[in-house]
Amino acid sequence: MPQTVKGVVARAKGAPVELLDIVIPDPGPGEAVVAVQACGVCHTDLHYREGGINDDFPFLLGHEAAGVVEAVGEGVTEVAPGDFVILNWRAVCGECRACHKGKPQYCFNTHNARQKMTLTDGTELSPALGIGAFAEKTLVAAGQCTKVATSDPAVVGLLGCGVMAGFGAAVNTGGVKLGDSIAVIGCGGVGNAAIAGAKVVGATTIIAVDVDDRKLEWAKQFGATHTINSREVDAVEAIRELTGSFGADVVVEAVGRPETYQQAFFARDLAGTVVLVGVPTPDLKLELPLIEIFGRGGSLKSSWYGDCLPTRDFPTLVALYEQGRFPLEQFVSERIGLGDIEAAFEKMHKGEVLRSVVEL
């Protein structure tokens, strides 16, 4: 039987979110119902509310979540009721050209649930990133459920989006390895996850760049060996000074602005790598001298979801957290309820938190 639960809905562009009754269908073939235990408040949810993603209102917000599988539909073998899972928004199909090339992290046909969750009047909801986890329960494609060892859901649920994006930008996309130097521009949740990832794999020079001293202090806690306030000094020159005048092996841009991308481009070593993980708005343009792109060599990459494969990466990072080698708990600034999300958006906008996490 369909269930009625509480969920946080954005009805219209810019309007405050509402806590409403929503209807969760029984899972159909290839689907699962998950009892959500915790969900992080991510910038993407605010983008949805502000109409920055699309205009398919009303949205059921929330996507950075962990919980327990309650029920599964026909043909589901990946998970079973009672499994503790982290939700992901890249449920690979196994059949597209990327999957056939052995690169499922680039899957071009990822799965979402086919059925729609609704308001009690039948209005269909658009779940954020195909998840919609600011709710007591949610309906997803079974492949969006990644089974991991049971852990603190408020902590490990953050792997579902921002932390994985940052860690993967440094390690998967950037290929940071033992002894490398890395600079990270933008030290919010994603940037600090890149810093933490670089520390885990043994980077020896880890440079944090931001305009906010509070965020730079956070960066030190995650493993930054040096910090640069780019309001006060030239970030490119400072990075070069810290890397023997050469530039960093890898520079992660976690802001998504042309000016910070230019800093990243000129702050890398010859044949170095730039990774864009900050999400730009559609109107932004980038201008670089073509001769510099040619002459510097190396790689200019973008990182979508940290080029992660959830079935490979989530269990590994949970294990690193449980071993005390990856400080996931430090990303949790506060634990809140479903009714506190508007206030959490405001704190996030002001840069007062790394992550507010809703606990259910």
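Student: Let's start in the strands. Which residue stands opposite I86 in β6?
Tutor: That residue is A66. Keep in mind that this is a predicted model.

Student: How do β5 and β6 pair, and over how many bridges?
Tutor: Three bridges link β5 and β6, and the sense is antiparallel.

Student: And what is the bridge partner of I86 in β10?
Tutor: T146 in β10 is the partner of I86. Strand β10 covers residues 145-147, and β6 pairs with β10 in the antiparallel sense over three bridges.

Student: Which way do the side chains of β6 point?
Tutor: In β6, residues 84-87, F84 and I86 point one way, while V85 and L87 point the other way. In a regular strand, side chains alternate between the two faces of the sheet.

Student: Are those four buried or exposed?
Tutor: F84, V85, I86 and L87 are all buried.

Student: Let's zoom out. How many helices and strands does the protein have?
Tutor: Eleven helices and 18 strands. The radius of gyration is 20 Å, close to the 21 Å that the globule rule gives for 360 residues, so the protein is as compact as a globular protein of that length.

Student: What does the C-alpha trace span along its principal axes?
Tutor: About 65 × 40 × 40 Å.

Student: What share of the residues counts as buried?
Tutor: Of the 360 residues, 54% count as buried. The protein exposes about 15200 Å², and carbon and sulfur atoms supply 50% of that area.

Student: What about contacts between residues at least 6 apart in sequence: what share joins residues at least 24 apart?
Tutor: The share is 68%.

Student: Back to sheets. What is the strand order in the open sheet of five strands?
Tutor: The order is β7-β2-β1-β4-β8, and the pairing is mixed. At the edges are β7 (118-119) and β8 (126-127), each of which pairs on one side only.

Student: How is β2 joined to β7?
Tutor: Two bridges join β7 to β2, which is residues 18-24, and these strands run antiparallel. In β7, T118 is the bridge partner of V23.

Student: What holds strands together in general?
Tutor: Strands of a sheet pair through backbone hydrogen bonds, either parallel or antiparallel.

Student: New topic: charges. How many salt bridges are there?
Tutor: The count comes to 17 salt bridges. One of them is between the side chains of K137 and E70, at 2.6 Å from N to O.

Student: Where do K137 and E70 lie?
Tutor: K137 is in strand β9 (residues 137-141) and E70 is in strand β5 (residues 64-72), so the pair ties together parts that are 67 residues apart in sequence.

Student: Why is K137 called buried and E70 partly exposed?
Tutor: K137 has a relative accessible area of 17%, and buried means under 20%. E70 counts as partly exposed because its relative accessibility is 33%.

Student: Which residue does K347 meet in a salt bridge?
Tutor: The side chain of K347 meets that of E334, at 2.9 Å from N to O. K347 lies in helix α11 (residues 341-349) and E334 in strand β17 (residues 332-336), so this pair ties together parts that are 13 residues apart in sequence. K347 counts as partly exposed at 28% relative accessibility, whereas E334 counts as buried at 19%.

Student: Now M164. Where does M164 lie, and is M164 buried or exposed?
Tutor: M164 is part of helix α4, residues 162-173. M164 counts as buried, at 0% relative accessibility.

Student: What is M164 in contact with, leaving aside neighbours within four places in sequence?
Tutor: The contacts of M164 include L158, L159, N172, Y305, F314, L317 and D313. D313 also meets R312 in a salt bridge between side chains, at 2.6 Å from N to O. D313 counts as buried at 9% relative accessibility, while R312 is partly exposed at 39%.

Student: Last one, the surface. Which residues form a nonpolar patch there?
Tutor: L290, I293 and L300 do, with about 270 Å² of accessible area together. L300 lies in strand β16, residues 299-302, and counts as partly exposed at 37% relative accessibility.

How values were computed: Residues numbered from 1 in each chain as written. Predicted model: local features only at pLDDT ≥ 70, side-chain atom pairs only at ≥ 80, totals over all residues. Heavy atoms only, no water. Patch = residues over 30% accessible without salt bridge, like charges linked within 9 Å, V, L, I, M, F, W, Y side chains within 5 Å. Areas by Shrake-Rupley, 256 points an atom, 1.4 Å probe, with all protein chains shown as cover. Salt bridge = Lys/Arg side-chain N within 4 Å of Asp/Glu carboxyl O. Buried < 20%, exposed > 50% of the residue type's maximum accessible area, 1.4 Å probe, protein only. Pairing = 2+ DSSP bridges. Rg over C-alpha atoms; globule rule 2.2 N^0.38 Å. Contact = heavy atoms within 4.5 Å.
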